[in-house]
Amino acid sequence: MENRQDTNIAVELALLVALATLWGGSYTFIKLGVATIPPVTLIAARTAIAGVLLLIIMWARGVRMPTDAATWRRIAFQAVLNSVIPWTLIAWGERHVDAALATILNSAGPIFTFLLTAMVTRHEATMPRKLFGVAAGMAGILLIVGVDAFHGIGSGIIAEAAIVAATICYACAAIFGRSFKGLDPMAPAAGSLLAGAAVLIPASLVSEQPWTLSPSLSSVLALLALATFSTAAAFAIYFRLIQTLGSVGTTAQAYLRVPIGVAISVAFLGETLSQTAWVGLACVVLGVAAMTIPARGLTVAKPS
């Protein structure tokens, strides 16, 4: 019998902010990494390092990986949707477009998730509140970054299209990720990373001959940070939130990536925000709340 407990929504929203911060920083890490490490090799190393780290954490917690073939088929499919295709597309795309533009284009994830959920899977209620959340979140992004941020679109249209395609993959992965309900969140996280590495490492060896590379120290450090924080830690949080907040709610973290990046620049680079940007930040927070807070009560189900 399934044992379900309740946990305060504040915990899940705090994890959502943490996930947004970890993934928000990934675009900068990728930009630094691909400067001297080719995209397939970068992502192959990212998935392998992060997968091993999660296995170590699972061993310390006494959590075992699933052994049945059916679960591993689902894990392999999740790996294709959530890491192999989108991460490679983004890494390649960031060789041609700025990290900021990649972040903006990738923030459309909740929209694709909402539309796929509403029109295809219908596993979550298509409530006006969530539709409002999607609209408010995108309005906030526009207010924060300004319309000028999109003036560069067209100069690298293929790279931009690749990043949008990656965003659609993320939306599909968020929906498919619900099929792992009942497993410890670490299991599909580690499994999908290792499955992704099994595909990407041979591809890297064949296409990019990584033994011939001479990566810079900044690229190596960016890769390690990308694998440890923006992948291993983030994936553990991601699979938990898929089960507690749902697929649309979890992808709402995409809206938080830009305002968190703005906050970091204000704190550490001395940049300033316009009044319009502060209004945009409020819209983002409102949109995320509308998409994630359950309709009844202030608690959500904790993964079993």
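Trainee: Where is Trp211 placed?

Mentor: Trp211 is in the loop between α9 (186-207) and α10 (217-244). Please keep in mind that this is a predicted model.

Trainee: Is Trp211 buried or exposed?

Mentor: Trp211 counts as exposed, because its relative accessibility is 60% and the cut-off for exposed is over 50%.

Trainee: Changing topic to the rings: how many aromatic pairs does the structure hold?

Mentor: There are four aromatic pairs in the structure. One of them joins Trp23 and Phe235, with ring centres 6.4 Å apart and planes at 80°, so this pair is edge-to-face.

Trainee: Which parts does the pair of Trp23 and Phe235 tie together?

Mentor: Trp23 lies in helix α1 (residues 9-24) and Phe235 in helix α10, so the pair links parts that are 212 residues apart in sequence.

Trainee: What kind of aromatic pair do Phe235 and Tyr238 form?

Mentor: Phe235 and Tyr238 form a tilted pair, at 6.1 Å centre to centre and with 35° between the planes. The angle is why the pair counts as tilted, since stacked needs planes under 30 degrees apart and edge-to-face needs over 60.

Trainee: How are Phe235 and Tyr238 separated in helix α10?

Mentor: They are three residues apart in helix α10, so about one helical turn separates Phe235 from Tyr238. In general, an α-helix has 3.6 residues a turn, so residues three or four places apart point the same way. Tyr238 is buried, as is Phe235.

Trainee: Which residues form the aromatic cluster?

Mentor: One aromatic cluster is formed by Trp23, Trp87, Phe235 and Tyr238.

Trainee: What lies over the face of Trp87?

Mentor: Arg46 lies over the face of Trp87, at 3.6 Å from the ring centre.

Trainee: Turning to charges, which side chains meet in a salt bridge?

Mentor: The count comes to one salt bridge. It joins the side chains of Glu12 and Arg240, at 2.6 Å from N to O. Glu12 lies in helix α1 and Arg240 in helix α10, so this pair ties together parts 228 residues apart in sequence.

Trainee: Are the two partners buried or exposed?

Mentor: Glu12 is buried, with a relative accessible area of 0%. Arg240, at 18%, is buried as well, because buried means under 20% relative accessible area.

Trainee: Let us move to helix α5. How many of its eight residues are buried?

Mentor: Seven of the eight residues of helix α5 (residues 99-106) are buried, so the helix is largely enclosed by the rest of the structure. Among the buried residues are Leu101, Thr103, Ile104 and Asn106.

Trainee: Where is Thr167 placed, and what lies 3.0 Å from a polar atom of its side chain?

Mentor: Thr167 is in helix α8 (residues 157-176). The atom 3.0 Å from a polar atom of the Thr167 side chain is the backbone oxygen of Ile163. Thr167 counts as buried, at 0% relative accessibility.

Trainee: One last topic: how many residues apart in sequence are Met186 and Val63?

Mentor: Met186 and Val63 are 123 residues apart in sequence and 8.1 Å apart in space, C-alpha to C-alpha. Met186 lies in helix α9 and counts as buried, at 11% relative accessibility.

Trainee: And what separates the C-alpha atoms of Pro110 and Gln253?

Mentor: Their C-alpha atoms are separated by 8.3 Å, while Pro110 and Gln253 are 143 residues apart along the chain. Pro110 lies in helix α6 (residues 109-121) and, at 0% relative accessibility, counts as buried.

Definitions and conventions
Residues numbered from 1 in each chain as written. Predicted model: local features only at pLDDT ≥ 70, side-chain atom pairs only at ≥ 80, totals over all residues. Heavy atoms only, no water. Helix = DSSP H or I, 4+ residues; strand = E, 2+ residues; numbered from the N terminus. Buried < 20%, exposed > 50% of the residue type's maximum accessible area, 1.4 Å probe, protein only. Phe/Tyr/Trp six-rings, centres within 6.5 Å; stacked < 30°, edge-to-face > 60°. Lys NZ or Arg CZ within 6 Å of the ring centre and 35° of its normal. Polar contact = N/O pair within 3.5 Å; in protein donor to acceptor, adjacent residues only side chain to side chain. Salt bridge = Lys/Arg side-chain N within 4 Å of Asp/Glu carboxyl O.
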